[in-house]
Amino acid sequence: MSTRDFIEKDYYAALGVAKDADAAAIKKAYRALARDLHPDKNPGNAQAEAKFKEASEAYGVLSDATKRKEYDEARRLFGSGGFRPGGGGGGGFPPGGFPAGSAGQPFDLGDLFGAASGGGGARAGGLGDLFGGLFGGGGGGATGTRSRQQAASGPARGQDVETEATLAFDEAVLGVTVPLRMQSPGSCPTCHGSGAKPGTAPHTCPVCNGAGVTSRSQGAFAFSEPCRECRGSGSVVDDPCATCKGSGITDQVRTITVRIPAGVKDGQRIRLAGKGAPGRRGGPAGDLFVVVHVTGSELFGRSGDDLTLDVPISFAEAALGTTLTVPTLDGTVSLKVPAGTAGGRTFRVRGRGVHGKGRTGDLLVTVSIAVPTTLDADARAAVEALAARIDEDPRPQVTAAVRAGGGV
Ligand SMILES: [Zn+2]
Ligand SMILES: [Zn+2]
């Protein structure tokens, strides 16, 4: 769905609801339409199918509060029924800036609403953001007139940034503070973001007097357009900064220290609000997303918030009972193994697992019976004597199945 759809299509009309309809009314209207127009109910009826698609598309936008806001904003800014620049002659914007629409071709804002902050939490926050996104990427800026895009618009939220961090097992379990090196756009250090060569300064655009927007009337309508002279920025740079080519923004490497919370899992993506790229003109910083890789532990396994640990014990310990000392992530703990413990039995040590959200997991200790690999003559005689003294069948179910001739 393009922004062009946003401008051209009346989703409220498609659902037959008022522009201020609440979420419940929109849902109700859509359900009624979907029921009546469903292709299963109207086989071969192309008109019903088209209307069904229209209603579904409309509902997809209006039922999502963020999309609905963007839609309303697009319609408010550019009017319903299509904003068509260039229709009256002399149309189009400078190359690299606005697409120069030919007569009758709808003005396509492209993915204006999605591109501004690199995928994550793009938000169309009004005219400033619209034009910021529009001019940010294009241009090339070789003409010497390309000026800093933000001059006439309000504060802009910084980009969301994604990075990765590899943590040791215990760091992931206990939480850790790590330095992260990141590359993201920031204010150009040479011109301090002005876009002008050091020693010079941008001056207010003489065409729009710094507003960044000019009005044009066409028939009965007046349109606001981004100023062509300054490309919507409100200021003009005569001598662009060589470092950033006049954009005021360069890619910068920075190292930040972030606290990874306890209990993160391998592959988890955690969000650190406000740790992304810095905002411009005092705008809030974007968010940082860290994809966590956790290396394995030689000792512990992990099942959710529980830690697992395998502990071999001798036959004598299993038969007679013992008290084991086992390691935990912090310190050790004593574990009583009762006489007659079978191999494979799991003991739960409460509260010695991973400190998860709201709950601390347990340590699950599973014992296995270790068998000596070599026996000297005396030991062998002792084991044989022991075997002769034990009548208990270690595998009664298997014995019974064998007696029955096998099978299930
Ligand atoms: Zn610069
Ligand atoms: Zn201007």
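Predicted model: local features only at pLDDT ≥ 70, side-chain atom pairs only at ≥ 80, totals over all residues.
Residues 205-212 are 0% helix and 0% strand, and the C-alpha atoms at the ends of the span lie 8 Å apart. The span 227-234 likewise has 0% helix and 0% strand, with its end C-alpha atoms 8 Å apart.

The zinc site may be considered next. The zinc ion (ligand 2) is held by the SG atoms of Cys205, Cys208, Cys227 and Cys230, at 2.2 to 2.3 Å. Along the chain, the donors of this zinc ion follow the spacing C-x2-C-x18-C-x2-C. Cys208 is found in the loop between strand E3 (203-204) and strand E4 (213-218), whereas Cys227 is in the loop between strand E5 (221-226) and strand E6 (235-236); the pair therefore ties together parts that are 19 residues apart in sequence. Both Cys208 and Cys227 are buried. As for geometry, the arrangement around the zinc ion (ligand 2) is tetrahedral because its 4 donor atoms subtend angles of 104 to 115 degrees, and four donors count as tetrahedral if all angles lie between 85 and 135 degrees.

Is Thr250 buried or exposed? Its relative accessibility is 14%, so Thr250 counts as buried, the cut-off being under 20%. Leaving aside residues up to four places away in sequence, Thr250 touches Ser184, Pro185, Gly186, Ser187, Cys188, Pro189, Thr243 and Cys244.

Strands of a sheet pair through backbone hydrogen bonds, either parallel or antiparallel. In this model, an open sheet of 4 strands runs in the order E10-E11-E15-E14, and its pairing is mixed. Strand E10 (300-303) and strand E14 (346-349) form the edges, each pairing on one side only. On average, and with direction ignored, neighbouring strands of this sheet are turned by 30 degrees against each other. Strand E11 (residues 306-314) pairs with strand E15 (residues 363-370) in the parallel sense, over 8 bridges. Ile313 stands opposite Ile369 of E15.

Technical notes. Residues numbered from 1 in each chain as written. Chains lettered and ligands numbered in written order. Heavy atoms only, no water. Donors = N, O, S within 2.8 Å, 3.2 Å for Na, K, Ca; no water. Tetrahedral: all angles 85-135°; square planar, octahedral: opposite > 155°, others 65-115°. Helix = DSSP H or I, 4+ residues; strand = E, 2+ residues; numbered from the N terminus. Buried < 20%, exposed > 50% of the residue type's maximum accessible area, 1.4 Å probe, protein only. Pairing = 2+ DSSP bridges. Axes fitted to C-alpha atoms, helices over the stretch in contact; angles between N-to-C directions. Contact = heavy atoms within 4.5 Å.
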